[in-house]
Amino acid sequence: MTTKAIVTAGRKYLDIDAYASMISYRELLKKTSDNKVLAFSTTKVNQTVPPMLRDLRYRLDEPVDVDGARFVLVDVSNPDFFDTFVNIDSVSEIIDHHAGYEEFWRAKKKVKSQIEPVGAVCTQIYERFVEAGEASLIDSDLAKLLIAGILDNTINLKSKTTTKRDLRAYSELKKLGSLSDDFGYEYFLACEQEQMKDLKGAILGDMKAEWVSRLLPEAIGQIIILHHNLVTREVLEKVFADYDKWMINVISLEEGRSYLYCDGAETLAGLKKLFSEGKSRENLLVLDDFVLRKEILRRGIEQGG
Ligand SMILES: [Mn+2]
């Protein structure tokens, strides 16, 4: 007797990489090994899964009783973050790109684990289709999901985490789905529209508020958006009304650079120490490339911790 498989991910929220990986891997398993496999989650999708992707032919399943099931985890390998219903002793497979738990899972002989530094789990899932000789299962809807996961997690293929495998998966998926580069633009535009419905909520929902360095303010926001000019100083003054010292990293996808807005001259001086290459205007530092917030924090701690 085979036990039913449930494909799932983390408990906090689902981003497009997790969402698309769950759905696509379910489709592959359904065809190749387990026609009863389900993919579901108890948490919500975030703004990286806009309506244009939620309304495709492929969706998540409704949660069912997990008694006796085996679990396949994607985009997560730290057991503390697994979806709440996962029994760690019944995990059969892990596919992830976050570092830290490679040895932990390698030591569990009954678990098939693939944890490696690629830009997106969607890249690994695409490769699974190819290895299984089932790339032809990838129709335009599955291709859209997988491409969106890759583009989101690699910041439009420009992040330092982007590998040759991600680039190859992206170009092969475009062919399989008969899609052009326009799809990426449409996708990021749809994400932007989701964020603009509640820009304040989007920024406050992803805020880091703690002192880590004398060169950085207490509140550090980040937003990744196609057109940076939609985030105006007027909006920012409202978003950060409750904070004395603040900054936000506005990553412009269109230009591939960061706009670091902040509260005033003192915060700007700290930022200029960390990013001497940037060009400053009033309470704004514009960088040539984009940085991620974790990089800003790392520099802050190293140079002013
Ligand atoms: Mn991911």
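Biologist: What makes leucine 287 count as buried or exposed in this predicted model?

Modeller: Leucine 287 has a relative accessible area of 3%. Buried means under 20%, so leucine 287 is buried.

Biologist: Where is leucine 287 placed, and which residues does it touch?

Modeller: Leucine 287 sits in the loop between strand E11 (284-286) and helix H11 (293-304). Leaving aside residues up to four places away in sequence, leucine 287 touches Arg257, Ser258, Leu260, Phe275 and Gly278. As for isoleucine 251, it is 36 residues from leucine 287 in sequence, with 9.9 Å between their C-alpha atoms.

Biologist: What makes cysteine 262 buried?

Modeller: Its relative accessibility is 0%. The cut-off for buried is under 20%, so cysteine 262 counts as buried.

Biologist: And how do you know that cysteine 191 is in no disulfide?

Modeller: The nearest cysteine sulfur, that of cysteine 122, is 13 Å away. A disulfide needs two cysteine sulfur atoms within 2.5 Å, so cysteine 191 is in no disulfide. The structure holds zero disulfides. Cysteine 191 is also buried, with a relative accessible area of 7%.

Biologist: Why are E1 and E3 said to pair?

Modeller: Two strands pair if there are at least two bridges between them. E1 and E3 have four bridges, so they pair, and they do so in the parallel sense.

Biologist: What makes E3 mostly covered?

Modeller: Four of its five residues are buried.

Biologist: Which residues have the most contacts inside the largest nonpolar core?

Modeller: They are Ile16, Leu53 and Leu145, in a core of 50 residues. Strand E1 (5-8), strand E3 (70-74) and helix H1 (16-32) are among the elements that each supply at least two residues. H1 gives the largest share, nine residues.

Biologist: Why is this core said to lie between domain 1 and domain 2?

Modeller: Domain 1 (5-190) and domain 2 (199-304) both give residues to this core, so it lies between them.

Biologist: What does isoleucine 16 touch?

Modeller: Not counting residues up to four places away in sequence, isoleucine 16 touches several residues, including Leu53, Leu145, Ala148 and Tyr187.

Technical notes: Residues numbered from 1 in each chain as written. Predicted model: local features only at pLDDT ≥ 70, side-chain atom pairs only at ≥ 80, totals over all residues. Heavy atoms only, no water. Core = buried A, V, L, I, M, F, W, Y, C linked by side-chain atoms within 4.5 Å. Buried < 20%, exposed > 50% of the residue type's maximum accessible area, 1.4 Å probe, protein only. Domains from an automatic or database assignment. Contact = heavy atoms within 4.5 Å.
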